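Colleague: Hi! Could you walk me through the charged pairs in this one?
Modeller: Happy to, let's open it up.

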Amino acid sequence: MATQENTFKLVGIGSSSSQEKITKPALSFTQDAWRRLKKNKLAVVSLWFLTILIAFSLLSTVFVTQKDANDFNANEVTVYRNLPPKISDSLPFWNGKIHYSGNSKDTDPYTYQEVPKNKRFILGTDSLGRSLAKRITVGVRISLMIAIVATFFDLLIGVVYGLISGFVGGKVDLVMQRIIEIISSIPNLVIVTMLGLWLGSGMLSIIISLAIVGWTSMARQVRNMTLSYREREFVLASRSLGESKAKIALKHVLPNISGVIIVQIMMTVPSAIMYEAVLSAINLGVKPPTASLGSLITDAQENFQYYPYQIILPSLALILISLAFILLGDGLRDAFDPKSGDR
């Protein structure tokens with residue numbers, strides 16, 4: 001029997017200590033979310049795009065002020081008005097030439113309007129000779145400011161309100177939901193119009209209107225998810241161990257609904273940007289001559305047939321910013337979902 005036992009050999013594992021060795025490093029919740037986010041290429045590209053855009057918007061306040069973007073010389077309007085984008089004579093679209101309907105050849109407004117040879121406008125000019133690059137920069141800055149404000153109110157009011165409403169429940173939940181229904185029944189346009197009459201149209205009216213009604217959608221989403229998670233086994237176990245309701249809500253419920261919160265925020269941001277653009281288009285947003293992406297699109301409508309770049313460029317900026325937030329939101333939703341696992 002002893003001879004038979006000596007013929008058996010343990011293969012594959014050298015010692016008991018190697019059996020207990022953990023090959024996969026321990027990751028925190030944030031590290032694991034970042035690892036999953038990096039696998040989503042579109043989300044990573046969107047993250048870098050928005051990071052660069054925000055950094056550029058902050059730095060541009062030094063060398064592109066609102067005054068620079070708004071001012072124009074009335075004596076030089078005929079020289080600099082409606083100039084197409086120009087970087088080099090050999091680049092298509094950026095060669096400073098434009099094709100007017102009815103003409104067989106492209107026209108060079110830089111030569112025709114006797115623009116100085118050292119003057120080039122990378123995104124062209126508007127009907128008053130103001131640089132579109134500067135005005136779009138200011139417009140993007142305003143759009144990102146609106147996005148930050150919308151995110152702030154969603155987190156400060158919407159998440160807290162929805163978490164309390166869903167976790168406490170009962171009569172408190174009933175009263176809080178009726179308040180949301182009353183607020184949601186008031187049209188945003190009515191609120192902005194009344195604020196415009198009271199405070200004057202501008203950024204302040206938009207910010208206050210977002211503070212009044214912008215957080216209700218987030219509050220509903222958080223409340224619905226909280227109602228679902230507050231009856232889960234891990235929440236009941238925490239209650240039986242004597243943890244307070246506030247600690248359970250913040251420590252156990254909130255991390256599990258973080259994916260919903262992130263997605264809702266990323267969907268709120270483009271909605272808020274479009275909201276400001278629409279208000280500016282109907283003269284309830286940013287006061288002229290300050291530029292926003294919405295006001296730039298509206299101002300260029302009458303010249304669309306002859307100068308389409310004046311609408312295309314701010315519209316493209318609006319679309320890219322909104323799309324980046326949406327793609328990043330999708331990536332963050334998967335990354336912060338505890339049930340997503342490895343993919």
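**Salt bridges**

Modeller: A network of salt bridges links Asp126, Arg130 and Arg135. Keep in mind that this is a predicted model.

Colleague: How far apart are the closest N and O atoms of Asp126 and Arg135?
Modeller: They are 3.7 Å apart, and the two residues form a salt bridge.

Colleague: Is Asp126 buried or exposed?
Modeller: Asp126 is buried, because its relative accessible area is 9% and buried means under 20%. Arg135 counts as buried too, at 2% relative accessibility.

Colleague: Why do such side chains pair up at all?
Modeller: Opposite charges can pair when the charged atoms come close.

Colleague: How many salt bridges are there by this rule?
Modeller: The count comes to five. One of them joins the side chains of Asp173 and Arg223, at 2.7 Å from N to O. Asp173 sits in helix H9 and Arg223 in helix H12, so this pair ties together parts 50 residues apart in sequence. Both Asp173 and Arg223 are buried.

Colleague: And what about Arg178 and Glu181?
Modeller: Their side chains also meet in a salt bridge, with 2.7 Å from N to O. Arg178 and Glu181 are three residues apart in helix H9, so about one helical turn separates them. Arg178 is partly exposed at 35% relative accessibility, and Glu181 is partly exposed at 41%.

Colleague: New topic: where is Arg239?
Modeller: Arg239 is in helix H13, which covers residues 233–240. Arg239 is partly exposed, with a relative accessible area of 33%.

Colleague: Which residues is Arg239 in contact with, leaving aside neighbours within four places in sequence?
Modeller: Those are Phe167, Arg230 and Ile248.

Methods: Residues numbered from 1 in each chain as written. Predicted model: local features only at pLDDT ≥ 70, side-chain atom pairs only at ≥ 80, totals over all residues. Heavy atoms only, no water. Helix = DSSP H or I, 4+ residues; strand = E, 2+ residues; numbered from the N terminus. Buried < 20%, exposed > 50% of the residue type's maximum accessible area, 1.4 Å probe, protein only. Contact = heavy atoms within 4.5 Å. Salt bridge = Lys/Arg side-chain N within 4 Å of Asp/Glu carboxyl O.
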